[in-house]
Amino acid sequence: MGGVSTADRAERVPKQDRSRATRQRLLEAAVACLGEHGWAGSTVSAVAERAGVSRGAAQHHFPTREDLFTAAVEYVAEERSTALRALFPEGAGADDRRAVIAALVDLYTGPLFRAALHLWVAASDEEQLRPRVTELESRVGRETHRIAVDLLGADESRPGVRESVQGLLDMARGLGLANLLTDDTARRERVVSQWAALLEEALG
């Protein structure tokens with residue numbers, strides 16, 4: 001019965017590491033392309049060139065354009081969720097709620113939100129993309145809501161609490177949209193302060 005030699009194992013591990021690194025570069029390049037050039041200007045070839053890999057290598061990891069871009073947005077969403085939880089590793093007390101709200105609002109600014117927005121717009125016109133983006137958005141939305149509930153210490157068994165948390169996330173998305181056109185920092189800070197006061201009353 002043949003075994004795997006030490007040399008074979010040594011060769012395989014670096015190859016797996018290289019494959020993971022290539023995949024990650026492609027995902028990050030896809031998000032950057034989508035944010036800068038939109039769906040129409042973001043091709044597999046453009047992403048491959050930006051990531052420094054061949055088109056063939058890109059298609060080995062992601063056979064279709066839809067595979068690549070939905071995976072890219074999901075990847076960065078997961079990274080941002082991990083980073084958000086890391087800001088409050090022990091959970092957040094009542095005194096930290098304003099900081100939690102500000103951090104949640106920040107999820108809807110920057111390159112991830114811009115890339116996701118381009119995907120949403122493309123999905124409204126592209127039949128083959130729509131179900132994938134709808135499913136992705138639903139999954140990311142559920143995870144963000146769960147994180148918000150945990151970090152805010154919200155008891156969703158109380159009337160109105162679930163809706164208050166969801167309202168916060170909907171408001172954050174709206175602020176993110178406004179920020180795409182102009183720097184909305186000053187208004188965003190005032191709205192965050194007001195929502196912190198409202199949630200203190202709603203969450204108790």
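Two residues are in contact here when heavy atoms of one lie within 4.5 Å of heavy atoms of the other. Keep that in mind as we walk through this predicted model.

Let's start with T70, which is found in helix α4, the stretch covering residues 65–87. If we leave aside its neighbours within four places in sequence, T70 is in contact with L119, L129, R132, V133 and L136. As for its accessibility, T70 has a relative accessible area of 8%, so T70 counts as buried, the limit being under 20%.

Now to the aromatic rings. A pair of aromatic rings is described by the distance of the centres and the angle of the planes. The count comes to 3 aromatic pairs. One of them joins Y108 and F113 in an edge-to-face arrangement, with 5.9 Å from centre to centre and 75° between the planes. F113 also pairs with W120, again edge-to-face, at 5.8 Å centre to centre and with 85° between the planes. Through these ring pairs, Y108, F113 and W120 are linked into a cluster.

One more ring deserves a look on your way out.

Definitions and conventions
Residues numbered from 1 in each chain as written. Predicted model: local features only at pLDDT ≥ 70, side-chain atom pairs only at ≥ 80, totals over all residues. Heavy atoms only, no water. Phe/Tyr/Trp six-rings, centres within 6.5 Å; stacked < 30°, edge-to-face > 60°. Helix = DSSP H or I, 4+ residues; strand = E, 2+ residues; numbered from the N terminus. Buried < 20%, exposed > 50% of the residue type's maximum accessible area, 1.4 Å probe, protein only.
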